[in-house]
Amino acid sequence: MHNILIVTGGSKGIGKALIQKYQQEKYTVFSLARTIIDIQNVTQTSVDLSNFKEAKDAFQMLLDEIKKLEILSVTLVNNAGRLGTIANLENITSDDLQESILINTTIPLLFSGLFIRSLSLFNCKKQIINISSGAAKKPYEGWSVYCSSKAALDMTTATIAEEQKNIANGVKCFGIRPGVVDTNMQSQIRTTEASNFKNVQRFIDLKNNNELYSPEYVAERIYNLDISNKLVNGETIDLREV
């Protein structure tokens with residue numbers, strides 16, 4: 001019997017830390033990311049999540065393979081995210097806007113729907129964990145697309161839970177705001193010109209004062225909350241508050 005974890009964006013940052021943590025705990029782990037990394041006992045699919053059809057086909061193929069296994073539990077983590085250009089909305093190109101919304105909102109909606117439908121007849125623990133952000137609740141100048149797309153992801157979490165709660169063999173859905181984590185996204189933020197992001201100094205100070213969470217710490221927290229059943233269906237929680 002398999003405890004299964006599927007992670008999008010598993011090649012770096014929080015996603016990489018998650019696949020490492022769950023693999024160490026003897027889960028059967030699958031990663032979908034553009035880059036294949038050097039890690040043992042993880043099935044990796046190279047896929048461009050900004051290509052809708054490629055992402056859809058790759059994920060459906062993966063689900064079809066998973067359905068052949070004897071499943072004890074299966075968890076999808078919609079982790080892949082994109083900050084995009086940091087600038088006022090009028091200065092963001094349509095292509096950049098479209099890619100951010102696709103990766104941050106559309107792909108989680110798509111994958112969640114495919115996940116629910118493909119595994120509807122499986123009587124096992126089934127759950128979706130969406131990696132959100134504090135930016136879903138707090139507006140930042142220069143982050144209009146990122147804030148909006150993460151707020152949409154929080155509502156995705158809530159509505160999936162509402163739709164599934166009275167369905168036999170239904171899927172539970174949870175959201176996690178991990179806090180400020182030392183990832184490539186933070187590096188991008190710190191190198192942004194103050195003219196495009198007035199809050200840049202705050203993020204520089206967080207790094208200089210060693211106040212960033214490590215991806216490994218976040219993965220450990222998520223795993224512990226997961227296995228202890230402390231996540232609440234439909235709710236998005238902030239790791240800094242639990």
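Which helices each supply at least two residues of the lining of the largest pocket? They are helix H1 (13–24), helix H3 (94–118), helix H4 (144–164), helix H5 (184–190) and helix H6 (200–208), where helices (H or I, at least four residues) and strands (E, at least two) are DSSP runs numbered from the N terminus. The model is predicted, so that local features need pLDDT of at least 70 and side-chain atom pairs count only at pLDDT 80 or more, while totals for chains, interfaces and linings use all residues. Residues are numbered from 1 along each chain as its sequence is written, and side-chain values use heavy atoms, with hydrogens and water left out.

## Pocket and cavity

On a 1 Å grid over the protein atoms alone, a pocket is an open set of points with protein on both sides within 12 Å along at least five of seven lines, a cavity is a set where a 1.4 Å probe fits but cannot get out, and lining residues have an atom within 4 Å of a point. Grid points are joined across faces, edges and corners, and a volume is the space filled by probe spheres set on the points.

The largest pocket holds about 1,100 Å³ of space. Of its 47 lining residues, Asn 79, Gly 81, Arg 82, Thr 183 and Met 185 are the closest to the centre. H5 contributes the largest share of this lining, five residues. The whole structure also contains one cavity of 30 Å³ or more, and the space in the largest cavity is about 40 Å³. Residues lining the largest cavity include Leu 83, Asp 96, Trp 143 and Tyr 146, and the elements that give two or more residues to that lining are H3 and H4.

## Cores and aromatic pairs

A nonpolar core is a set of buried Ala, Val, Leu, Ile, Met, Phe, Trp, Tyr and Cys residues joined through side-chain atoms within 4.5 Å; buried means under 20% relative accessible area, exposed over 50%, and partly exposed in between (1.4 Å probe, protein chains only). The largest such core has 30 residues, and Ile 6, Phe 59, Val 74, Phe 111, Phe 115 and Ile 128 have the most contacts inside it. H3 gives the most to this core, with eight residues. Apart from it lies another core, of 26 residues, including Val 42, Val 181, Tyr 223 and Ile 237.

Seven aromatic pairs are found in the whole structure, a pair being rings of Phe, Tyr and Trp (its six-membered ring) whose centres lie within 6.5 Å, with planes under 30 degrees apart counted as stacked, over 60 as edge-to-face and the rest as tilted. Tyr 22 and Tyr 27 form an edge-to-face pair, 4.9 Å centre to centre with 85 degrees between the planes. Phe 59 and Phe 111 form a stacked pair at 4.1 Å centre to centre and 10 degrees between the planes. Because Phe 59 lies in helix H2 and Phe 111 in helix H3, this pair ties together parts that are 52 residues apart in sequence.

## Positive phi in two loops

Lys 26, in the loop between H1 and strand E2 (28–33), has a positive phi near 70 degrees and is exposed, with a relative accessible area of 70%. Asn 169, in the loop between H4 and strand E6 (172–177), has a positive phi near 60 degrees and is partly exposed at 31% relative accessible area.
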